[in-house]
Amino acid sequence: MPVVIGFEGSANKIGVGIIRDGEVLSNPRRTYITPPGQGFLPGETAKHHRGVILTVLQEALDEAGLKAADIDCVAYTKGPGMGAPLVTVAIVARTVAQLWGKPLLGVNHCIGHIEMGRLITNAQNPTVLYVSGGNTQVIAYSERRYRIFGETIDIAVGNCLDRLARVIKISNDPSPGYNIEQMAKKGNKYIELPYTVKGMDVSFSGILSYIEDAAHKLLSTGQCTPEDLCFSLQETLFAMLVEITERAMAHCGSQEVLIVGGVGCNLRLQEMMGVMCKERGARLFATDERFCIDNGVMIAQAGWEMFRSGHVTELSDSWITQRYRTDEVEVTWRD
Amino acid sequence: MLFFENKGTFNQHMTKMPLSNRSSTKYVNMAACVSENDSDKKLEFFLKVPFPSEREAAIALQSLSPDPEPRKGGITKNLDVTGHTLSVRWTADEARILRVSVSSFLDHLSLVMETLDAFGPPVSQ
């Protein structure tokens, strides 16, 4: 019954979580929130994480009712993500692993999301849509790899949403995507935007340029409201995601869809995906904001799977990396 | 030929010579070719950090050494431990590159030390 602690801090969320045999013992998290109109930069984000990580670590132990000696393995995010925050978190993980005399495990952030989604929803072999501020991929498991069937060829869907939020200067608390979702519910005018699905892949940077431009023109002339822009962007982006997910499902003959990543919290996306799944007789799985949004326990869970199947990361190999493809990891814990 | 016997003195001497003088320009170029490496032209920074024990110094080394410098060129950093002391040596082409690297390192070092304080002492091996 190994107990694994997981450290996550690849973007603006810093989380530490503890898991034992599929049971979440604790999962505290803090988010670095910038003022409206501003994104988060690596140096400032790392500084935020440095300031709170030890507190969050202690919280994780206290909430789980555990001492350091009870931990069997220390997992942390090796990548992908932003360099400076990743280093900050890795440094603490390496230090406590040595202090406690426990093995270290470098985890792929995307696989963390997938493994947590599988655990929480009990989906057997789903087509996974991983959508967040930093990543947009359609993934399916095959022969020891999480294979990327389709992805963004430029920016992530969450990045596109976050940058609209910056243009219309809405609050980043609790997250820009959440606030866009609330505003979209009040939008009713559909503004036509480019629709850029490229086969199995998607492209968002063109849509972003277009809507940034349109926002300035239409808002200043009063032709639409910010709510209309939020509504139109969501409808367009989510329809594209549903299309590429369906395409991957058709290729794999899959009857399950699992949505993971911060954008997966969005109920409208879940609704649209649900409509497609119903048409195909497939089941839709999604998690709530505790596990959709970056968190420590998803790293712990992926670490737990890896640890049980014999993986360990040597300290000298524990360097972080900003680029880390989902299919680079050999998934030895699945058949 | 004085400069082969005592390179340091020669270089020091050469920097004072006006480079507009054609013959001295030729000597500066010769010095550049002759010297084994350009370490005399680089900035150097040394840092020594004492730890309460050898074990903690070793832990700090292992926590701080795996990640490569974000900037590939223009800076090198070497970490070493002797006894209770972690020593770090930087060489850099430019002061601003050096400043960024040293500044980041000190932030990371503080984090290691805070972690050692909060979650130490190390378990016996």
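The exercises below concern a predicted model with chains A and B.

**Exercise 1.** Determine how strands β8(A) and β9(A) are paired, and describe the turn between them.

Solution. 
1. Strand β8 of chain A covers residues 136-142, and strand β9 of chain A covers residues 145-151.
2. The two strands run antiparallel and are joined by six bridges.
3. One of the pairings can be located by residue: Tyr141(A) has Tyr146(A) in β9(A) as its bridge partner.
4. Two residues lie between the strands of this hairpin, and Glu143(A) has a positive phi near 45 degrees.

**Exercise 2.** Find the extent of the annotated domain in chain A and its secondary-structure content.

Solution. 
1. An unreviewed UniProt entry places the feature "domain: Gcp-like" at residues 29-300 of chain A.
2. Residues 29-300 of chain A are 51% helix and 17% strand.

**Exercise 3.** Characterise the interface of chain A and chain B, from its area to its polar pairs.

Solution. 
1. About 1,900 Å² is buried between the two chains, 66% of it on carbon and sulfur atoms.
2. Of the area that chain A buries against chain B, 35% comes from Arg50(A), Gln98(A) and Leu99(A), more than from any other three residues.
3. In contact terms, 22 residues of chain A meet 21 residues of chain B.
4. The interface holds two salt bridges. Arg50(A) forms a salt bridge with Asp107(B), with the closest N and O atoms 3.3 Å apart.
5. Nine residue pairs across the interface are in polar contact.
6. On the side of chain A that touches chain B, α1 (42-64) and α2 (83-100) are the elements giving two or more residues. The most come from α2(A), with ten residues.
7. By class, this side of chain A has 13 nonpolar, seven polar and two charged residues.

Methods
Residues numbered from 1 in each chain as written. Chains lettered and ligands numbered in written order. Predicted model: local features only at pLDDT ≥ 70, side-chain atom pairs only at ≥ 80, totals over all residues. Heavy atoms only, no water. Pairing = 2+ DSSP bridges. Helix = DSSP H or I, 4+ residues; strand = E, 2+ residues; numbered from the N terminus. UniProt positions renumbered as here; feature names shortened; annotations may be inferred. Contact = heavy atoms within 4.5 Å. Buried area = accessible area lost by both parts, 1.4 Å probe. Salt bridge = Lys/Arg side-chain N within 4 Å of Asp/Glu carboxyl O. Polar contact = N/O pair within 3.5 Å; in protein donor to acceptor, adjacent residues only side chain to side chain. Nonpolar A, V, L, I, M, F, W, Y, C, P; charged D, E, K, R; others polar.
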